[in-house]
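Here is a short report on a protein model with an RNA strand. Have the sequence and the coordinates open as you read.

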Amino acid sequence: MSDYRRITIAKAGEHTGEPVEIAGWLYNLRKSGKIIFPLIRDGSGTIQCVGVKSALPEDLFEALKNLTQESSVIIRGKIRAEARAQGGFEMDIEGAEIVQRVPEETPYPITPKEHGTEFLFDHRHLHLRSRRQHAVLKIRHEIIKAIRDYFDSNDFTLVDCPIFTPAACEGTTTLFEVNYFDEEKVYLTQSGQLYNEATAMAFGKTYCFGPTFRAEKSKTRRHLTEFWMVEPEMAYATLDDVKRVAEELIVFMVGRVLENRKTELATLERDLTKLEAIKGPFPRISYDDAVEILKKKGSEIVWGGDFGGTDETLLSEEFDRPVMVDRYPTEVKAFYFETDPNRPEVALGVDVIASEGYGEVIGGGQRVHSYDTLLERIKAHNLPEEAFQWYLDLRRYGSVPHAGFGMGVERAVAWLCGLEHIRETIAFPRMLYRTRP
RNA sequence: UCCUCAGUAGCUCAAUGGUAGAGCAUUCGGCUGUUAACCGAAGGGUUGUAGGUUCGAGUCCUACCUGAGGAGCCA
């Protein structure tokens, strides 16, 4: 038994001819009388094994031949290059150990045929084992790693923000309320931004990376109630810095995925030319320009309104890469946005609209840094002044121009993977009508 | 919250108002190169729930439940 060295399927090609073992699960089994083809997956990949009756003990051959889908099994044998096999390699079975056999009375529910979304997401804990979902989550991991590598290597310090917050960050969106020891109400964070402004004044450049929550009853392919967001914030920075960093981040992220996740992109049948087109510089247009473009394309948008999902799609059709839209009407942006000194009616904010109709992936801009202006805004938005004293402190003690943005991780994943729906981009999605499993 | 569509076997779906069916999965049998393998056989149903119309309802009507897509809102 110890003669067989444990390897992962991903590295099978490096061990041809050696006695090795693979510990995994039965993904599928094709059999033909005296020869069987178990397809084994181990989390790193899948490989077809070949078992010949004459070469194996009778009881082992029969046990493998009758093995049920997703039974856990350790296969021992030798790897061989095989032109007919999918990954280019096959394993000839010399021995095996069945770790747990899935009973036939309770067969694995997800068969190799089609299923509906309700069924699949009710069985999400098992659905994750299938090839497509595995590929999506591998790419998600790559994207998250790229994001962290980008910020870490550009002098940003990770300072995470609280999940429990005492009040609304932006005053507009609906929050999840939590009973906090029956003493007071707290809310699940919808953004770490206000806290980021504090940490940026302490560290210069910071970012937070964590889950955020929105209690809006959005029921579309672009929304989750719990999603992950990365939010950088920079002291002594302006709107232009936000655009530069956002562009660099996206280009870096896409590069990493193209470099390291070719296999997964192929599994998803992603059009690579669309990803390869995502290079700097991204087109930069103003909100005014965007409205003109949309009007020409038949949208009913009027100056002063925010873009709907359809508008974002129409806009993205004009470009082969993400487009940056800046200087939105102050009215549609949150209270903390700095206004353009030359045009007080527009805010120094920018949205990055992803290509191929994937919508807004990044939103951010320059923050108000004058104490008086911020106080005015808080009053104008009917926000509780008391709760914002600490935030006002940031303008009392060494206030500087500063800026930052937030990127929705799931939207980025859906975009780079080319997915129809955001629910596949996270292991256990939380949506309007789904909190299980 | 609003609009639209859909709920039939474990799963994916069929069935003009007239005897509820197929493929996959499961069980049994066959096959030494299969690629969502294939071939033969068997078991498997309170047609989402509650009413109603009708000689007769999976099918038509009403309400409710569940889900999907979209709108608004948002990343």
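## Basis of the model

This is a predicted model, in which local features need pLDDT of at least 70, side-chain atom pairs count only at pLDDT 80 or more, and totals for chains, interfaces and linings use all residues. Residues are numbered from 1 along each chain as its sequence is written, chains are lettered from A and ligands numbered from 1 in the order in which they are written, and side-chain values use heavy atoms, with hydrogens and water left out.

## Nonpolar cores

A nonpolar core is a set of buried Ala, Val, Leu, Ile, Met, Phe, Trp, Tyr and Cys residues joined through side-chain atoms within 4.5 Å. Buried means under 20% relative accessible area, exposed over 50%, and partly exposed in between (1.4 Å probe, protein chains only). The largest core here has 48 residues. Ile147, Phe151, Ile250 and Leu416 have the most contacts inside it. Elements that give it two or more residues include α4 (131-152), β12 (226-235), α6 (239-260) and α13 (409-417). Helix α6 gives the most, with 10 residues. Helices (H or I, at least four residues) and strands (E, at least two) are DSSP runs, numbered from the N terminus.

Take Ile250 as an example. Leaving out residues up to four places away in sequence, Ile250 touches Ile278, Phe282, Pro322, Val352, Val361, Ile362 and Trp415. Contact here means heavy atoms within 4.5 Å. Another core, of 22 residues, lies apart from the largest one. Its members include Ala12, Leu67, Ile79 and Ala96.

## The RNA surface

There are 45 residues around RNA strand B. A residue counts as near if one of its heavy atoms lies within 4 Å of the strand. Glu90, Pro112, Arg221, His223 and Arg411 come nearest. By class, this surface has 10 nonpolar, 15 polar and 20 charged residues. Here Ala, Val, Leu, Ile, Met, Phe, Trp, Tyr, Cys and Pro count as nonpolar, Asp, Glu, Lys and Arg as charged, and the others, Gly among them, as polar.

Of the RNA strand B atoms within 4 Å of the protein, 50% belong to sugar or phosphate and the rest to bases. A base nitrogen is 2.6 Å from an N or O atom in the side chain of Gln48. A sugar or linking oxygen is 3.1 Å from a polar backbone atom of Glu360. A phosphate oxygen is 3.5 Å from a polar backbone atom of Tyr433.

## His421

His421 sits in the segment after α13. It is buried, with a relative accessible area of 13%. A polar atom of the His421 side chain lies 3.0 Å from the backbone nitrogen of Arg423. His421 also touches Thr220, Arg221 and Met431, residues up to four places away in sequence not being counted.

## Strand pairing

Two strands pair if DSSP finds at least two bridges between them. Strand β14 (residues 323-326) is covered on both faces. Val323 and Val325 on one side, and Met324 and Asp326 on the other, are all buried. Strand β13 (residues 284-286) pairs with β14 in the parallel sense, over three bridges. Four bridges join β14 to β17, and these two run antiparallel. Asp326 stands opposite Ser286, and its bridge partner in β17 is Val350.

A three-strand open sheet has the order β8-β10-β9, with antiparallel pairing. Its edge strands are β8 (164-165) and β9 (177-180). Four bridges link β9 to β10 (residues 184-188), where Val178 stands opposite Val186.

Methods
A polar contact is a pair of N or O atoms within 3.5 Å; within protein, one must be able to donate a hydrogen and the other to accept it, and residues adjacent in sequence count only if both atoms are side-chain atoms.
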